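The following note comments on the fold and side-chain packing of the model under review.

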Amino acid sequence: MNKAWRGYIFSRKVGEHIVPQRVQNLVIRTCAERHGLTYLLSATEYYMEECYMMLQSALDELGEIEGIIFYSTCQLPSDARERMKIYEKVLNSEGGVRFALEDLALLSAKDIKAIEDLKACIDLSAQTIDLDTYQDWLS
């Protein structure tokens, strides 16, 4: 029998957006159905910024569950070292992580680059550039 996958949603902003928990769960459930995965009730992270207690709890379940389905890569910690610890724990447990919104998966070490590249693009696009800088580029 295949092990199930735990959903992981936020009660705070996902990136710069407030996404209702109901919507996050619908996206995760659709991802699970598309990949033929058994879906478990989502763990809901606490509201405090940079709090990952519920994620840690879900990671501690690896071995009993197959993996975790995040709503989005935007739910990963901003600190790269913390993300690497998560990737290591998942891979060492022979589990997996899926990111429903982006349709990405961490199933082997080679998948880390795609996730980190996307994270870097998102972070870069979130940086604000003032109007004077744009005008300098155009002239």
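How many helices and how many strands are there in the protein chain?

1. The protein chain has five helices and five strands, where helices (H or I, at least four residues) and strands (E, at least two) are DSSP runs numbered from the N terminus. Read from the N terminus on, the elements follow the order β-α-β-α-β-α-β-β-α-α. The model is a predicted one, in which local features need pLDDT of at least 70 and side-chain atom pairs count only at pLDDT 80 or more, while totals for chains, interfaces and linings use all residues. Residues are numbered from 1 along each chain as its sequence is written, and side-chain values use heavy atoms, with hydrogens and water left out.

2. On overall dimensions, the C-alpha trace of the protein chain spans about 65 × 30 × 30 Å along its principal axes. Of its 139 residues, 39% are buried; buried means under 20% relative accessible area, exposed over 50%, and partly exposed in between (1.4 Å probe, protein chains only). Among contacts with a separation of 6 or more, 70% are between residues 24 or more positions apart, a contact being heavy atoms within 4.5 Å.

3. Five bridges pair E1 with E2 in the parallel sense, and phenylalanine 10 stands opposite glutamate 45 in E2.

4. Two crossovers deserve mention. From E1 the chain passes through helix H1 (residues 21–34) to E2 in a right-handed β-α-β crossover; right-handed here means that, with the strands pointing away from the viewer, the path from the first strand over the helix to the second runs clockwise. A right-handed β-α-β unit is also made by E3, helix H3 (residues 80–92) and E4.

5. Which residues cover the two sides of strand E3 (residues 67–70), and are they buried or exposed? Gly67 and Ile69 lie on one side and Ile68 and Phe70 on the other, and all are buried.

6. Three aromatic pairs are found in a search of the whole structure; rings of Phe, Tyr and Trp (its six-membered ring) pair if their centres lie within 6.5 Å, and planes under 30 degrees apart count as stacked, over 60 as edge-to-face and the rest as tilted. Tyrosine 8 and phenylalanine 10 form an edge-to-face pair, at 5.9 Å centre to centre and 80° between the planes. The rings of tyrosine 8 and phenylalanine 70 are likewise edge-to-face, because their centres are 5.0 Å apart and their planes are at 70°. This pair links distant parts of the chain, with tyrosine 8 in strand E1 and phenylalanine 70 in strand E3, 62 residues apart. Ring pairs join Tyr8, Phe10, Phe70 and Phe99 into a cluster.

7. Two arginines are placed over aromatic rings. Arginine 12 lies over the face of tyrosine 52, 5.2 Å from the ring centre, and the charged end of arginine 98 sits over the ring of tryptophan 5, 5.6 Å from its centre. The criterion is NZ of Lys or CZ of Arg within 6 Å of the ring centre and within 35 degrees of the ring normal.

8. In helix H2 (residues 53–60), the buried residues are Leu55, Ala58 and Leu59. Seen down the axis of H2, they fall within an arc of 100°, so they line one face of the helix; the arc is that of the directions from the helix axis to the C-beta atoms. Their cover includes E1, strand E2 (39–45), E3 and H3.

9. Isoleucine 28, in helix H1, is buried, with a relative accessible area of 0%. Leaving aside neighbours within four places in sequence, isoleucine 28 is in contact with residues including Tyr8, Ile69 and Phe70. Glutamine 127, in the loop between helix H4 (112–125) and helix H5 (131–138), counts as exposed at 54% relative accessibility.

Conventions: Two strands pair if DSSP finds at least two bridges between them.
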